[in-house]
Amino acid sequence: MATSGTAHRQVLKELEKGNYKPVYYLMGDEPFFIDSISDYIRDHALPEEARDFNQIVLYGNETTMNEVIQRARAYPMGADRQVIIVKEAQNLMKKDSESVGSASDILAAYLQKPQPSTILVFCHKNGSLDRRKKIVAMIEKAGLLFESKKVKDDALPEFIEEFLKEHGLKMSPKGISMMSEFVGADLSRMNGELEKLVTALPEGTAEITPEFIEEHVGVSKDYNIFEFRDAIINKNIMKANKIAAYYESNPKTYPIQLVTAAIFPYFSNLMLAFYAPDKTDRGIADQLDLKSTWGVRDYTTGMRNYTATQTMQIINAIRRYDAKSKGVDATANTGEGLLKELLYLILH
C-alpha cells in the first residue's frame with residue numbers, strides 16, 4: 001500500500017501534467033498533504049487573470065452542501081473552467097447527516113454527473129469519511145479520494161530526501177537526523193525549515209551540511225541524537241557521557257523519553273540483525289527492510305560491540321528506564337540521573 005507521501009507525489013505529478021479530476025476529496029489527520037494538493041490546484045488550475053471570477057473558496061461551517069453544488073453546477077465566466085475549494089469540509093459533512101437531504105445525499109447526486117468545467121475540491125481535516133459508506137466509492141469513481149495519514153518519525157528521512165531531490169540537493173544522514181530530531185513529524189514546519197535552508201544556501205551549493213543546519217536552524221551538530229546514538233554504537237564512552245550530561249542539563253529540550261524513543265529502535269533492529277540468515281550487507285538490509293545498504297554499517301558495528309544477549313538486556317533496560325521516567329516504580333529522585341544510569345547499563 002502506498003504511503004501518504006508516495007500517493008501525494010503521484011497526485012502532484014498528474015496535476016503538473018494538467019490532468020485534473022472534476023472532484024477531489026482530501027481527508028485525514030495530516031494537514032500538510034491536504035494543503036499541498038489544494039494549494040497546487042489553487043495556484044495552477046486557472047491563469048491568474050481568470051481567478052477573480054472563477055475561483056471560489058468556501059468554508060464548511062459557513063455554507064451548505066446545496067450552496068456548494070449550486071456553485072459547482074454553474075458555468076465559468078470567460079474561462080474554460082472554474083475552481084471551488086471547500087475548506088473545513090468536515091463541518092459541512094456533519095450537517096443534516098441523519099436527514100433525507102443530507103450533505104452526503106446531495107453530493108452523491110452531483111457525483112453521478114459532475115460538471116466537467118468545474119474542479120471541486122473538499123479539504124476534510126482531522127478525520128476521514130467512513131470507507132464503508134457508499135459516498136466513498138462514488139467519490140473514487142467520479143474523482144479522486146486522497147487520505148492524508150500522519151507520517152511516523154521513522155518516515156521523516158524519506159520526506160526530507162524527497163524534498164531535497166526536488167531541489168537538486170543532498171544532505172548527509174547526520175544532517176537528516178538533526179532535522180528529524182529538531183523539527184519532528186510536523187510536516188508543515190519541516191517543509192518551512194527546509195525551505196528556509198534552501199533560501200539561505202549560497203548559489204551553486206549542492207549539499208546542506210550539518211554546520212549549515214546548526215547555523216540556520218539552531219540544532220547543535222555535536223549534541224544531537226544522531227551523535228549520541230553513534231557514540232553508543234561505537235562504544236565511545238567519553239563522547240556518549242558528554243552528550244548525556246548535556247541532555248540532563250537541558251531536560252526541557254532533551255527529556256529522557258525523547259532519548260529512549262530515539263535509541264530503542266536501533267537496538268530493536270540490532271536484535272533482528274543477529275538473526276539474519278544472510279549476514280552480508282544485502283542480507284542484513286533485507287532482514288531490517290532497509291531501502292539501501294548504506295545504513296547497514298551501524299548494525300555490523302553494533303554486532304561487533306554487543307552480543308545478542310547484551311542487546312536483549314539493553315532493550316529491557318531502555319523499557320525499564322522509560323517507564324521509570326514516566327512514574328512507574330518512582331522514587332523521590334526519579335528523573336535525576338536516569339539517563340546516565342541507563343547509559344552505564346548500555347555501555348558496560
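How many salt bridges does a search of the whole structure find? And which residues of α8 meet α9?

Modeller: Bear in mind that this is a predicted model, where local features need pLDDT of at least 70, side-chain atom pairs count only at pLDDT 80 or more, and totals for chains, interfaces and linings use all residues. Residues are numbered from 1 along each chain as its sequence is written, and side-chain values use heavy atoms, with hydrogens and water left out.

The search turns up 19 salt bridges, taking a salt bridge as a side-chain nitrogen of Lys or Arg within 4 Å of a carboxyl oxygen of Asp or Glu. Let's start with R9, which pairs with E158 at 3.6 Å, N to O. That joins distant parts of the chain: E158 sits in helix α8 (residues 156–166) and R9 in helix α1 (residues 4–16), 149 residues apart. Helices here are DSSP runs (H or I, at least four residues; strands are E, at least two), numbered from the N terminus. R9 also bridges to E162, with the closest N and O atoms 3.6 Å apart. Again α8 is linked to α1, this time across 153 residues. E158 is partly exposed at 25% relative accessible area, and E162 is partly exposed too, at 22%. The cut-offs are under 20% for buried, over 50% for exposed and partly exposed in between, with a 1.4 Å probe and protein chains only.

In general, an α-helix has 3.6 residues a turn, so residues three or four places apart point the same way.

Now for α8 against helix α9 (residues 173–183): their axes come within 10 Å and cross at roughly 115 degrees. Those axes are lines fitted to C-alpha atoms, for helices over the stretch in contact, with angles running from 0 to 180 degrees between N-to-C directions. From α8, the residues L156, P157, I160 and E161 meet I176, M179 and S180 of α9, where contact means heavy atoms within 4.5 Å. Sorted by type, that makes five nonpolar, one polar and one charged.

S180 deserves a stop: this α9 residue is buried at 14% relative accessible area. Leaving aside residues up to four places away in sequence, S180 touches L156, P157, I160 and M190. M171 and M179 are among the residues that touch the most other members of the largest nonpolar core, which has 81 residues. A core of this kind is a set of buried Ala, Val, Leu, Ile, Met, Phe, Trp, Tyr and Cys residues joined through side-chain atoms within 4.5 Å. Its largest share, nine residues, comes from α14.

Elsewhere, D298 bridges to R229, with the closest N and O atoms 2.9 Å apart. D298 is in helix α16 and R229 in helix α12, so the pair ties together parts 69 residues apart in sequence. D298 is buried at 18%, whereas R229 is partly exposed at 22%. The cover over the buried residues of α16 includes α12 (225–233), α14 (256–274) and α15 (281–287). Finally, K174, E227, D230 and K239 are linked in a salt-bridge network.

Notes
Nonpolar A, V, L, I, M, F, W, Y, C, P; charged D, E, K, R; others polar.
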